[in-house]
Amino acid sequence: MSIEWYAVHTYVGQEEKAKANLEKRVKAFGMEDKIFQVLIPTEEVVELREGGKKEVVKKKLFPGYLFVQMDLGDEEEPNEAWEVVRGTPGITGFVGAGHKPVPLSPDEVRHILEVSGLLGKKEAPKAQVAFREGDQVRVVSGPFADFTGTVTEINPEKGKVKVMVTIFGRETPVELDFSQVVKA
C-alpha cells in the first residue's frame with residue numbers, strides 16, 4: 001500500500017462541485033479503503049468592502065485543483081481508484097507526466113496542509129492589499145480625510161499603510177489602516 005497525495009485538475013470555479021462528486025463516487029464504489037481525503041486548500045483573507053467594512057473571506061490557494069490522498073496501487077498498473085477519480089464529473093485529470101499521475105513531494109504536502117490550517121496552528125486572516133508602493137491613494141476617513149498621497153510602505157500583517165501626504169506644503173508620512181484609504 002502506497003498512500004500519497006495527488007493534484008487533480010478541475011474546471012476553475014467548479015472545485016466544490018467536483019469534490020462533492022468525487023466524495024459521492026468514493027462511497028458509491030466502496031473506495032473508502034483507497035481514497036482517503038479530498039482537499040481544496042483555502043486561506044482566510046480580510047477584504048475591505050464599501051464604507052471601509054472588513055469582511056473575512058476564504059480564497060482558494062490553487063484555483064482549478066483538488067488534492068486527493070489515496071492509494072493508487074502499483075506504479076505499472078494503477079488500481080480502480082484511479083478510474084473512480086478520473087471518471088468524476090468536473091475532474092479533467094491528474095497532474096503528471098503523460099498518463100502517469102505524479103505524487104506530491106512531502107514538502108509540497110506539508111506546505112498545503114500548513115496554509116490550510118490542517119497542520120499546526122492556523123494563521124490569522126491576512127489583509128488583502130488593493131494597492132502597491134508608489135500608488136496614488138485618497139484618504140477616506142480620519143483626520144486626514146480627503147487628502148491624497150503616495151503609498152511608501154505596506155504592512156499587511158498589521159493592516160497598515162504609510163502614505164506621504166502634503167500638509168502645509170510639506171511632505172509628511174502618515175500611517176493609516178487599509179480601510180482608511182482607496183486608490184485615487
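This is a predicted model: local features need pLDDT of at least 70, side-chain atom pairs count only at pLDDT 80 or more; totals for chains, interfaces and linings use all residues.
Biologist: Is Val139 buried or exposed?

Modeller: Val139 counts as buried, because its relative accessibility is 1% and the cut-off for buried is under 20%.

Biologist: Which residues is Val139 in contact with, leaving aside its neighbours within four places in sequence?

Modeller: With those neighbours set aside, the contacts of Val139 are Phe144, Ala145, Asp146, Phe147, Leu176, Gln180 and Val181. Of these, Leu176 is 37 residues from Val139 along the chain, and the C-alpha atoms of the two are separated by 8.6 Å.

Biologist: Stepping back, how many helices and strands does the protein have?

Modeller: There are three helices and 14 strands, and of the 184 residues in the protein, 34% are buried. Among contacts with a separation of 6 or more, 58% are between residues 24 or more positions apart.

Biologist: And what does the accessible surface come to?

Modeller: The accessible surface of the protein is about 11,300 Å², with 51% of that area belonging to carbon and sulfur atoms.

Biologist: Let's turn to helix 3. Which residues are buried there?

Modeller: Val109, Ile112 and Leu113 are buried in helix 3. Looking down the axis of the helix, the buried residues fall within an arc of 95 degrees, so they line one face of helix 3. As background, an α-helix has 3.6 residues a turn, so residues three or four places apart point the same way.

Biologist: What covers the buried residues of helix 3?

Modeller: The cover includes strand 1 (3-10), strand 2 (35-39) and strand 5 (65-71). Just after helix 3, the backbone at Gly117 takes a positive phi of about 80 degrees.

Biologist: Now cavities: how many of 30 Å³ or more are there?

Modeller: The count comes to one cavity of 30 Å³ or more, and the largest cavity holds about 30 Å³ of space.

Biologist: Which residues line the largest cavity?

Modeller: Its lining is made up of Trp5, Leu39, Phe67, Leu104, Val109, Ile112 and Leu113, which divide into seven nonpolar residues, with no polar and no charged ones.

Biologist: Which element gives the most to that lining?

Modeller: Helix 3, residues 106-115, gives the most, with three residues in the lining of the largest cavity. Val109, Ile112 and Leu113 are in that lining, and they are also buried residues of helix 3.

How values were computed:
Residues are numbered from 1 along each chain as its sequence is written. Side-chain values use heavy atoms; hydrogens and water are left out. Helices (H or I, at least four residues) and strands (E, at least two) are DSSP runs, numbered from the N terminus. Buried means under 20% relative accessible area, exposed over 50%, partly exposed in between (1.4 Å probe, protein chains only). Contact means heavy atoms within 4.5 Å. Accessible areas come from the Shrake-Rupley method with a 1.4 Å probe; for residues, only the protein chains shown count as cover. On a 1 Å grid over the protein atoms alone, a cavity is a set of points where a 1.4 Å probe fits but cannot get out, and a pocket is an open set with protein on both sides within 12 Å along at least five of seven lines; lining residues have an atom within 4 Å of a point. Grid points are joined across faces, edges and corners, and a volume is the space filled by probe spheres set on the points. Ala, Val, Leu, Ile, Met, Phe, Trp, Tyr, Cys and Pro count as nonpolar, Asp, Glu, Lys and Arg as charged, and the others, Gly among them, as polar. The arc is that of the directions from the helix axis to the C-beta atoms.
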